[in-house]
Amino acid sequence: MSNLLFDTLFDQKPVNPAFVEQIDGRHWSYGDILDETARVANTLVALGIQPGDRVAAQVDKSVSLVALYLGTIRAGAVFLPLNTAYTLPEVEYFISDAKPALLVCDPAAEAALRPIAAATATRIETLDSSGDAGSWPERLSASAIEFSSVARGPHDLAAILYTSGTTGRAKGAMLTHLNLASNALTLADLWRFTNDDVLLHALPIFHTHGLFVAINTTLVAGGSLLFLPRFDTDEVVSIMPRASVMMGVPTYYTRLLDNRNFTARQAQDIRLFVSGSAPLLKETHQAFHARTGKTILERYGMTETNMNTSNPYEGPRRAGTVGLPLPGVDIRITDTSSGIELADGEIGMLEVKGPNLFKGYWQMEEKTAENFRRDGYFITGDLAMIDEKNYIVIVGRGRDLIISGGYNVYPKEVELEIDALPGVVESAVIGLPHSDFGEAVTAVVVAKQGYTINDRDIVAEIGQRLANYKQPRRIFFVTELPRNSMGKVQKNLLRDEYKHTYTNQSPNNKGISD
Ligand code: MLC
Ligand code: AMP
């Protein structure tokens with residue numbers, strides 16, 4: 001038996017030897033990266049890591065992290081990437097839940113993470129932001145570049161990615177070799193990837209978009225990555241002429257449009273701009289076309305399902321839609337209460353089925369069962385309709401979720417932290433329109449009588465526990481929250497009342513008083 005995902009990703013014998021090029025001029029060929037994956041796999045095996053064991057990483061983006069991902073797959077283990085913005089308590093939860101055999105972290109975080117890792121007998125290694133220094137690269141340097149990949153079949157786990165939920169407790173989505181391999185092959189084919197392609201890669205690599213959609217799709221086609229540590233608009237504009245494809249969240253496209261140096265000339269050699277992870281506004285789609293003559297291709301996916309739909313490569317890419325189901329993926333729209341399939345044009349729950357569907361939530365059988373229909377469809381939580389041309393339009397969310405700059409924030413998780421503060425009676429966390437992030441996390445708080453509590457105190461307190469992108473950018477104080485006759489907080493009224501809070505906000509203006 002082969003190692004399904006690894007063999008699929010490296011099936012191409014690339015004519016083009018380049019795999020990754022960094023902005024500083026350093027580059028890695030396919031041969032280099034294969035050697036590195038062998039070093040990683042040999043090291044993991046030497047440390048006693050068994051097939052199925054979890055290998056977690058909370059480190060900055062680097063080619064070494066890509067090699068850690070691919071080497072983990074090659075060794076038959078399960079890759080568990082963690083957002084670098086996660087705080088210590090957040091990481092503690094992930095480690096206690098997933099019990100990884102190994103955690104690779106930044107050297108600066110090692111001391112704080114040691115006791116957490118010790119509780120689950122998780123070994124710690126370090127890797128710095130350059131990808132060159134730390135105990136991990138030291139170990140690798142002694143390892144051989146020959147490794148016979150550990151056999152893994154379609155239903156074996158390749159990765160676990162945590163995704164928050166409406167209850168506030170994050171769930172580990174278990175992704176199999178088949179999930180990732182099938183999606184990579186489908187996307188590479190649909191989006192016409194070849195070994196001539198150079199993907200401008202500015203996304204983080206701890207989520208589905210930057211890790212799987214961008215890297216796996218490029219790898220199966222034998223293409224190259226132009227690798228940036230993060231999205232910096234000026235840098236992206238200046239190197240764009242060297243790339244042929246770019247992928248990004250909508251914020252990347254609005255930031256490009258805000259940049260005066262971003263012209264049709266800069267974009268002329270890009271054959272494909274892809275947007276996803278959050279809704280792309282029609283205005284952005286149109287303004288981008290007007291500026292560059294290029295039509296952004298919007299697609300739709302999620303952590304649990306990888307990619308589900310895409311606008312066509314050839315054929316109309318229609319603004320405000322996420323296109324058609326991917327080949328091999330079935331989509332239906334159902335009534336949110338009865339679960340009965342609806343006719344085209346009616347709005348309901350988007351359900352999906354196909355080889356891209358995850359195996360379930362790590363050690364949460366009930367949660368998994370709740371989210372699947374008996375016939376195998378996954379209930380996404382997104383509200384959608386199928387329009388007259390069979391394109392899918394996402395019209396909203398059936399769950400209380402905010403998407404800020406492409407990151408998901410579940411209000412419940414933030415409310416629980418705010419409500420636990422001594423001066424707070426209760427809070428409601430809502431997403432409001434924001435010109436840079438799409439939606440901005442905003443809190444409406446009822447303070448206890450006799451307490452003086454301000455927005456700065458709240459952010460300082462919860463900032464110890466919640467990743468920065470989950471923290472409210474504005475906090476409003478009220479005497480009571482609006483409720484309906486059932487006692488449920490009417491967030492729609494709050495969203496309406498505060499809807500103009502961030503109009504014309506410049507990037508990263510947090511709005512919390514100094
Ligand atoms: C950073 N900040 C954010 C933020 N990102 N605040 C809200 N929402 C965000 N997304 C805050 C930081 O906390 C910091 O606050 C300040 O902004 C500046 O930080 P920064 O790191 O300099 O920000 P910047 O580099 O400008 O990052 C913004 C961004 C980045 C949009 C470029 O967030 C990004 O790359 N997002 C992509 C997310 C992504 O890959 N999603 C895919 C998920 S997969 P302070 O207080 O310190 O000033 C998925 C499935 C699918 O959804 O379909 O793809
Ligand atoms: P995540 O759980 O981080 O993987 O985020 C997945 C969610 O992002 C989906 O359930 C959708 O709500 C949203 N999403 C992804 N792509 C799009 C898109 N193109 N348009 C609208 N929403 C999207």
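The legends below describe close-up views of a predicted model.

**View 1. Glu351 and Arg373 form a salt bridge.**
The closest N and O atoms of Glu351 and Arg373 are 2.7 Å apart. Glu351 lies in strand β17 (residues 348–353), and Arg373 lies in the loop between α13 (365–370) and β19 (378–386), so the pair ties together parts that are 22 residues apart in sequence. Glu351 has a relative accessible area of 0% and is buried, whereas Arg373, at 26%, counts as partly exposed. Both residues belong to a network of salt bridges that also links Arg332 and Asp375. By the rule used for this model, the count of salt bridges comes to 26.

**View 2. Lys491 and Asp400 meet in a salt bridge.**
The distance from N to O between the two side chains is 2.7 Å. Lys491 is in helix α16 (residues 491–497), while Asp400 is in the loop between β20 (392–397) and β21 (402–404). The pair links distant parts of the chain, 91 residues apart. Lys491 has 12% relative accessibility and counts as buried, because buried means under 20%. Asp400, at 31%, counts as partly exposed.

**View 3. Lys491 also forms a salt bridge with Glu415.**
Here the closest N and O atoms are 2.6 Å apart. Glu415 lies in helix α14 (residues 411–419) and Lys491 in helix α16, and this pair links distant parts of the chain, 76 residues apart. Glu415 counts as buried, with 9% relative accessibility.

**View 4. Ligand 2 is surrounded by 15 residues.**
The closest of these residues are Arg299, Thr303, Asp382, Arg399 and Asn408. Strand β13 (residues 297–302) gives the most to the shell around ligand 2, with five residues. By type, the residues of the shell divide into six nonpolar, five polar and four charged.

**View 5. Side chains of Thr303, Asp382 and Asn408 lie beside oxygen atoms of ligand 2.**
A polar side-chain atom of Thr303 is 2.6 Å from an oxygen atom of ligand 2. For Asp382, an N or O atom in the side chain is 2.6 Å from an oxygen atom of the ligand. For Asn408, the distance from an N or O atom in the side chain to an oxygen atom of ligand 2 is 2.8 Å. Taken alone, ligand 2 exposes 500 Å², and the protein buries 92% of that.

Technical notes:
Residues are numbered from 1 along each chain as its sequence is written. Chains are lettered from A and ligands numbered from 1 in the order in which they are written. This is a predicted model: local features need pLDDT of at least 70, side-chain atom pairs count only at pLDDT 80 or more; totals for chains, interfaces and linings use all residues. Side-chain values use heavy atoms; hydrogens and water are left out. A salt bridge is a side-chain nitrogen of Lys or Arg within 4 Å of a carboxyl oxygen of Asp or Glu. Helices (H or I, at least four residues) and strands (E, at least two) are DSSP runs, numbered from the N terminus. Buried means under 20% relative accessible area, exposed over 50%, partly exposed in between (1.4 Å probe, protein chains only). A residue is near a molecule or strand if one of its heavy atoms lies within 4 Å of it. A polar contact is a pair of N or O atoms within 3.5 Å; within protein, one must be able to donate a hydrogen and the other to accept it, and residues adjacent in sequence count only if both atoms are side-chain atoms. Accessible areas come from the Shrake-Rupley method with a 1.4 Å probe; for residues, only the protein chains shown count as cover. Ala, Val, Leu, Ile, Met, Phe, Trp, Tyr, Cys and Pro count as nonpolar, Asp, Glu, Lys and Arg as charged, and the others, Gly among them, as polar.
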